[in-house]
Amino acid sequence: MTAPVIVDTNVVVAGLLTVDAQAPTARILDGMLAAAFAYVVSSELLAEYRDVLSRPKLRKLHGLSADEIETVLTELALHAIVLTAAPAPPAPDSGDQHLWGLLAARNDLVLVTGDARLLESNDWPQRVHSPRQWLEATHD
């Protein structure tokens, strides 16, 4: 069984925007919606998903209505393990501190992100992966 995963907002957004159903981000988002693997959210991370998906520029790209965004978020929340972030070392980007806090909440969690600063950080060795790395390590 694979470790529960924290899916960064950029992965969810990219999964919605890609036209390639086999793209790692699409496979991860589809897996979340199908409850194919364990994943973690917090109320802060769900709020970030909502905020980013509701931005006018992104809404034009993904084409979802406000109600459709809420449906996706509800499905994601229904299948998730909901945690509260714990105190953590400073994240490479202060806007991502909640992700570091989730990693600090449990030692078995892995973060999947497309954020280069997070991927290059040495704060959580072996616990921060790109979508492709994570899929190759767990599903291929």
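Start by selecting helix 2, residues 24-33: seven of its 10 residues are buried, so this helix is largely enclosed by the rest of the structure. Keep in mind that you're looking at a predicted model. To see the buried set, pick Pro24, Thr25, Ala26, Ile28, Leu29, Gly31 and Met32.

The axes of helix 2 and helix 5 come within 8 Å and cross at roughly 70°. Angles of 65 to 115 degrees count as roughly perpendicular, and the two helices are therefore roughly perpendicular to each other. For the contact itself, show Leu29, Met32 and Leu33 on the helix 2 side, which meet Val72, Glu75, Leu76 and His79 on helix 5. By type, the residues of this contact split into five nonpolar, one polar and one charged.

Stay on Met32 and show what surrounds it. Skipping neighbours within four places in sequence, Met32 is in contact with Val7, Val12, Phe37, Tyr39, Tyr49, Leu76 and His79. As background, nonpolar side chains tend to be buried together in soluble globular proteins.

Colour Leu45, Leu46, Tyr49, Val52 and Leu53, which are buried. They cover an arc of only 130° around the axis, which puts them on the same side of helix 3.

Next, go back to the end of helix 2 and step just past it, to Ala35. This residue sits in the loop between helix 2 and strand 2 (39-41). What is its phi? Positive, at about 55°, although Ala35 is not a glycine. Most residues other than glycine have a negative phi. Ala35 is partly exposed, with a relative accessible area of 41%.

Last, jump to the loop between helix 7 (116-120) and strand 5 (128-129), where you'll find Ser121. Is Ser121 buried or exposed? Buried, with a relative accessible area of 16%, since the cut-off for buried is under 20%. Leaving aside neighbours within four places in sequence, Ser121 is in contact with Pro92 and Trp100. Gln126 lies in the loop between helix 7 and strand 5 too. Gln126 counts as exposed, at 68% relative accessibility, and has a positive phi of about 65° although it is not a glycine.

Methods. Residues are numbered from 1 along each chain as its sequence is written. This is a predicted model: local features need pLDDT of at least 70, side-chain atom pairs count only at pLDDT 80 or more; totals for chains, interfaces and linings use all residues. Side-chain values use heavy atoms; hydrogens and water are left out. Buried means under 20% relative accessible area, exposed over 50%, partly exposed in between (1.4 Å probe, protein chains only). Helices (H or I, at least four residues) and strands (E, at least two) are DSSP runs, numbered from the N terminus. The arc is that of the directions from the helix axis to the C-beta atoms. Contact means heavy atoms within 4.5 Å. Axes are lines fitted to C-alpha atoms, for helices over the stretch in contact, and angles run from 0 to 180 degrees between N-to-C directions. Angles under 35 degrees count as roughly parallel, over 145 as roughly antiparallel, 65 to 115 as roughly perpendicular and the rest as oblique. Ala, Val, Leu, Ile, Met, Phe, Trp, Tyr, Cys and Pro count as nonpolar, Asp, Glu, Lys and Arg as charged, and the others, Gly among them, as polar.
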